[in-house]
Amino acid sequence: EVPPPTEEEIRGYYDSHRDRYRAPELRSVSLLFTRDEAAGRAALTRMAADTRHIPQIWRDVADAIGFMGPLAYPVEETEMFAREPRPGEGNIPAEIRDIAFASEVPSLHPELVPFHDGWYLVRTVSRTDPTDASFEDVHDHIRDELHAEQVDARVTQLVAETLSQASFDDEALDSVHVPVWQ
């Protein structure tokens with residue numbers, strides 16, 4: 001039986017590993033993709049001329065293009081994403097990530113962004129500050145993780161002790177042949 005970690009051990013682990021329990025800053029963007037460079041530049045020019053109404057113009061452009069127009073498709077807003085890709089996060093191109101994290105929120109990127117056989121128009125729309133998980137929020141997770149490590153260490157110790165006390169007949173072991181199924 002391995003006793004669970006003490007409250008002091010759990011708190012000590014939390015305090016010495018705070019970076020593990022920090023959610024990074026997140027951003028989201030709206031994207032419009034075009035295969036028609038002139039149409040993309042015209043949309044940017046229209047938005048740059050009336051910056052107070054960019055969200056409405058953006059929606060109008062997205063509504064107008066549908067899936068058949070010169071702009072291939074709209075993406076109203078991506079899920080929140082971190083600067084560095086995280087497991088399970090959408091497939092946001094590195095250049096779009098870089099633009100989102102270099103931009104004010106909200107903002108329109110002033111250039112078309114080349115991508116495969118077309119261009120993206122990029123509008124950074126939201127930001128979430130980095131946050132730290134509270135000790136209470138992660139207490140049970142840390143307790144379970146530390147206890148699992150303690151159990152693994154105890155099993156390893158018991159196996160080592162058992163093997164150190166065991167004696168083996170090397171000649172008998174050499175004569176053992178285990179069939180291998182293929």
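Let's start at one spot in this predicted model: Pro 106 sits in the loop that runs between α4 and β4 (107-108). The peptide bond between Val 105 and Pro 106 is cis, with omega at about -10°.

**Backbone points to look at**

- Most peptide bonds are trans, and most residues other than glycine have a negative phi.
- The bond joining Val 105 and Pro 106 is a cis one.
- His 116 has a positive phi, near 45°, although this residue is not a glycine.
- You will find His 116 in the loop between β5 and β6, and its relative accessible area of 74% makes the residue exposed.

**Helix α4 and its neighbours**

- Helix α4 covers residues 94-102, and its buried residues are Ile 96, Arg 97, Ile 99, Ala 100 and Phe 101.
- What do the buried residues of α4 pack against? Their partners are the strands β2, β5 and β6.
- An α-helix has 3.6 residues a turn, so residues three or four places apart point the same way.

- Is Arg 123 buried or exposed? Arg 123 has a relative accessibility of 10%, and it counts as buried because that value is under 20%.
- Arg 123 belongs to strand β6.
- Leaving aside residues up to four places away in sequence, Arg 123 touches Ser 28, Val 29, Ser 30, Ile 54, Pro 55, Trp 58, Ser 107 and Leu 108.
- Arg 59 is part of helix α3 and is partly exposed, at a relative accessible area of 36%.
- Between the C-alpha atoms of Arg 59 and Arg 22 there are 34 Å, and the two residues are 37 residues apart along the chain.

**Salt bridges**

- How many salt bridges does a search of the whole structure find? The search gives 11.
- Side chains of opposite charge can pair when their charged atoms come close.
- Glu 25 and Arg 127 form one of these bridges, at 2.9 Å from N to O. Glu 25 is in the loop between β1 (22-23) and β2 (26-34), while Arg 127 is in strand β6 (residues 118-128), so this pair ties together parts lying 102 residues apart in sequence.
- Arg 127 is partly exposed, with a relative accessible area of 40%.
- A network of salt bridges links Glu 25, Arg 27, Arg 127 and Asp 129.
- Another bridge brings together the side chains of Arg 35 and Asp 117, also with 2.9 Å from N to O. Because Arg 35 lies in the loop between β2 and α2 (37-49) and Asp 117 in the loop between β5 (113-115) and β6, the pair ties together parts that are 82 residues apart in sequence.
- Asp 60 is partly exposed at 30% relative accessibility, and Arg 46 is partly exposed at 42%.

**The chain as a whole**

- The protein chain holds 6 helices and 7 strands, and their order along the sequence is α-β-β-α-α-β-α-β-β-β-β-α-α.
- Its radius of gyration is 28 Å, well over the 16 Å that the globule rule gives for 182 residues, so the chain is more spread out than a compact globule.
- Along the principal axes, the C-alpha atoms fill a box of roughly 85 × 50 × 20 Å.
- Of the 182 residues, 32% count as buried.
- Taking contacts between residues at least 6 apart in sequence, 72% join residues at least 24 apart.
- The chain exposes about 12,200 Å², and carbon and sulfur atoms supply 54% of that area.
- Its charged side chains number 17 positive and 36 negative, and the centres of these two sets lie 12 Å apart.

Key:
Residues numbered from 1 in each chain as written. Predicted model: local features only at pLDDT ≥ 70, side-chain atom pairs only at ≥ 80, totals over all residues. Heavy atoms only, no water. Salt bridge = Lys/Arg side-chain N within 4 Å of Asp/Glu carboxyl O. Helix = DSSP H or I, 4+ residues; strand = E, 2+ residues; numbered from the N terminus. Buried < 20%, exposed > 50% of the residue type's maximum accessible area, 1.4 Å probe, protein only. Rg over C-alpha atoms; globule rule 2.2 N^0.38 Å. Contact = heavy atoms within 4.5 Å. Areas by Shrake-Rupley, 256 points an atom, 1.4 Å probe, with all protein chains shown as cover. Lys, Arg positive; Asp, Glu negative; His and termini not counted. Charge placed at Lys NZ, Arg CZ, Asp CG, Glu CD.
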